[in-house]
Amino acid sequence: MADYLTQLSDEERMRLFNGVGSWNSYDAGGKIPSFSMSDGPHGLRKQDAIQETEHYADLNRSRVATCFPTSSCMAASWDKSLLSELGKTIAEEAQCQQVDVVLGPGTNIKRSPLCGRNFEYFSEDPYLAGTLAAEYINGMQALGIGTSLKHFTCNNQEKRRQTSNSIVNEKTLSEIYLRPFEIAVRKAQPASIMVSYNKVNGEYAAASKFLLTEVLRKKWGFKGIVISDWGACIGAVNCLKAGMSLAMPDSNGYFSHQLEKVYKDDEEVRTKLEEVNRLVIEAAQKWNGGHQQEADNSKIDFVAHHKAALRFATNAAVLLKNDGVLPLPEKSKITVIGGMAATMKFQGGGSSHITTAPHPNALESLKALGYEIDFAEGYSGDIRDTSEHGFAQAIEAAKKAAAEKRPVLFFCGLTEEFEGEGFDRENIALPEVQTKLLDQIIALGADVIAVTFSGAPIDIYFADKVRAVLHMYLCGEACGEACAELLSGRVNPSGKIAETFPFSEKDTPCYGNFAGEEDNIEYKEGSYVGYRYYEAKNIPVRYEFGFGLSYTTFEYSNLKVDVEKREVSFDLKNTGAVKGAEASQVYIQKEGADYPELRGFEKTLLEPGETKRVTVNLDENAFKTYDTTAHNFIPDAGEYTIKVGMSVRKIVLEQKVSVSAEQAVGQTSANTENTAYIPDLALYDSFFTNTFYEQHHKGTFTSADNLGDMAKESFAVRVILKIINRIILFSMRGKSKDDPSVKIVLSAIAENPLESLISITNGIFTEKLMSRIVRMANR
Ligand code: BGC
């Protein structure tokens, strides 16, 4: 290892801090090994070199790959083995595409259902999110492909994602927002962690010694490399000192330039650089080589992968309501309404967008199973079309269905304009054109079965007026076939929502305190995130955390709790007539606490009439609490209630247990907290005080500010921003400004700190231009 470093000149060492192009680490002209990266998380978005330079900003141009269900969908499976299989299957494609490190999974907490990127994340619960992330990582890394766990941390909104400042106290940060990362790091040691764009408590996460060194390395024992999100390295010297190992993408010399200025005189920079250089070379040695010599799509078993995508989707989709109308009678005549049955919505927009081969839609898939279909589009599947010209035909079809007493399947959901990277939603409503049509169809008295698509909670206000609701989430390329298998009953739905579906965004714990025009966002709700809030405050919700129905029924009995072993076991019986799987959940509530917490879960498949003894292993922290004096999780002896539930609100078995101080410690394993950890108190102090970020104005603008804020105060910058926007719209082949792939670029130009534009524009935006704009803005 040391040999490699001694071969590098000072210039090369500084260069090694930055990637080459958009997707590679530096190889110093072949002197050292390097590795290549690609998005992630629910499939490979491998951009070819030519496309990269020609259309870097066009996220939708990538090689054909399998699009698996997105993380919010996968999480609804509550199935650890599926997550591990997902990691493994994507790794097989990475091997054939010469990708060494896949940029995923994402395990940010869903603080609000409105975050535009929630579809890329697992859950509002840290234990569930961390456990599933660890399974994905272990599955992928077992095949020699590295992962990049993202986005570390408190990246809970998309608006102003590069300047927003998440202000969060120590207990909340540790118990809720850091915990999924901690679980994944301890259980799976990802090859890398991607540090997020935003600030936390007034400092950029990417430049936070507290987060990157104190917590990640010292407290959790992280061994891999810290990669910046693309364009998140603001102030290379500070980021390096904080513990960043690799800044992405290529800054065309800008980062080296910043380091050169201090290299000779700053010993900390030299020492730190040597340390992170070592880690990057080590990562390259370890992960480069998982792939084949030549990129070759023909070696990918797309047929098998598509089948896996279908199996994942059918195990994850959630039956939210069913009064007996589902499954559909075999080979019957059905009416289908909604453009989304034809042009299906199966993934979100942004850097996770996968280019797939064409696959059958729901109409084709239902037909293939022998259903006779009367289809009316009603509203178009085209994301920009809000016209009602298809309504008349749809109403006719619905009337006919009502008269003939057969159900109407209404397909609806969020279009690409609603959820994607770089922007958030304003409310949880479905597109108006869809709800207008749905209301008219319901008013006719038709028997409606709603089939819904979205990566995050939507307003299912029609729940009481329809006979069934099947929520497919964004379930990947096998979406059409998955709908057909579930609706027909070939597969019994077994998904349960890994997040709460509230009645309204106004009911959510951070309402009014999420993604505003200002950077400073106070996480005032503290640990009351998701169900923790709804349970503590007793707030009615549309569908509670962990809820999901089945075509069969289950019975729970004979609860046994073993505190020492951290084990809960019970008998689970399938009491219905069809095979089905049940996601059992174990919640634990300490006496006096105002909410229960998920501490274990297990999914079990049962034949009709079959009983199995299910054992659920509990979180190592099941009987611990975070202590802000010890700056760690500490044993919390006392009285606890162990609750086994079909959801957080449907508890079927419970038992009180007394946990002694000794028992609360639990068994120490590699995954438990580092008991030898000695916190750096000064770092804790500074990180949790003075947490507000001072926003800059004319006279104080720096390269860490963005064009949008500068434009508010400077006419000249306003003009520049307008011109840039025009150029972008022109260069993106006439797409509308509402197109998600355009939206993400436009928001990046307005909202990214200027320094970030240097690396993400691939050299178009230069250091010189940046200094000129800052001067202009301050004039
Ligand atoms: C996203 C990351 C992604 C990276 C590379 C960023 O804008 O936030 O999730 O991995 O781009 O495409």
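This is a predicted model: local features need pLDDT of at least 70, side-chain atom pairs count only at pLDDT 80 or more; totals for chains, interfaces and linings use all residues.

How much area do domain 2 and domain 4 bury between them, and what percentage of it is on carbon and sulfur atoms?

Reply: Residues are numbered from 1 along each chain as its sequence is written, and side-chain values use heavy atoms, with hydrogens and water left out.

Domain 2 and domain 4 bury about 700 Å² between them, and 57% of this area is on carbon and sulfur atoms. Buried area is the accessible area (1.4 Å probe) that two parts lose on being put together, summed over both. By class, the side of domain 2 that touches domain 4 has two nonpolar, two polar and four charged residues. Here Ala, Val, Leu, Ile, Met, Phe, Trp, Tyr, Cys and Pro count as nonpolar, Asp, Glu, Lys and Arg as charged, and the others, Gly among them, as polar. In terms of contact (heavy atoms within 4.5 Å), eight residues of domain 2 meet seven residues of domain 4.

No salt bridges are counted between domain 2 and domain 4, a salt bridge being a side-chain nitrogen of Lys or Arg within 4 Å of a carboxyl oxygen of Asp or Glu. Two residue pairs, both at pLDDT 80 or more, are in polar contact across this interface. A polar contact is a pair of N or O atoms within 3.5 Å; within protein, one must be able to donate a hydrogen and the other to accept it, and residues adjacent in sequence count only if both atoms are side-chain atoms.

The whole structure holds 45 salt bridges. One of them joins Arg649 and Glu535 at 2.7 Å, N to O. Arg649 lies in the loop between β23 (638–645) and β24 (651–659) and Glu535 in helix α18 (residues 531–536), so this pair ties together parts 114 residues apart in sequence. Helices (H or I, at least four residues) and strands (E, at least two) are DSSP runs, numbered from the N terminus.

Another salt bridge links Asp619 with Arg599, their closest N and O atoms lying 3.0 Å apart. Asp619 is buried at 5% relative accessible area, and Arg599 is buried at 11%; buried means under 20% relative accessible area, exposed over 50%, partly exposed in between (1.4 Å probe, protein chains only). Both residues belong to a network of salt bridges that also includes Asp125, Arg179, Glu182, Arg186, Arg532 and Glu597.

Ser196, in the loop between β5 (192–195) and β6 (199–200), is buried with a relative accessible area of 0%. The side chain of Ser196 reaches the backbone nitrogen of Thr153 at 3.0 Å. Not counting residues up to four places away in sequence, the residues that Ser196 touches include His151, Phe152, Asp229 and Ala232.

In helix α11 (residues 254–263), the buried residues include Tyr254, Phe255, Leu259 and Tyr263. The elements covering the buried residues of α11 include α2 (10–16), α12 (267–287) and α25 (767–778).
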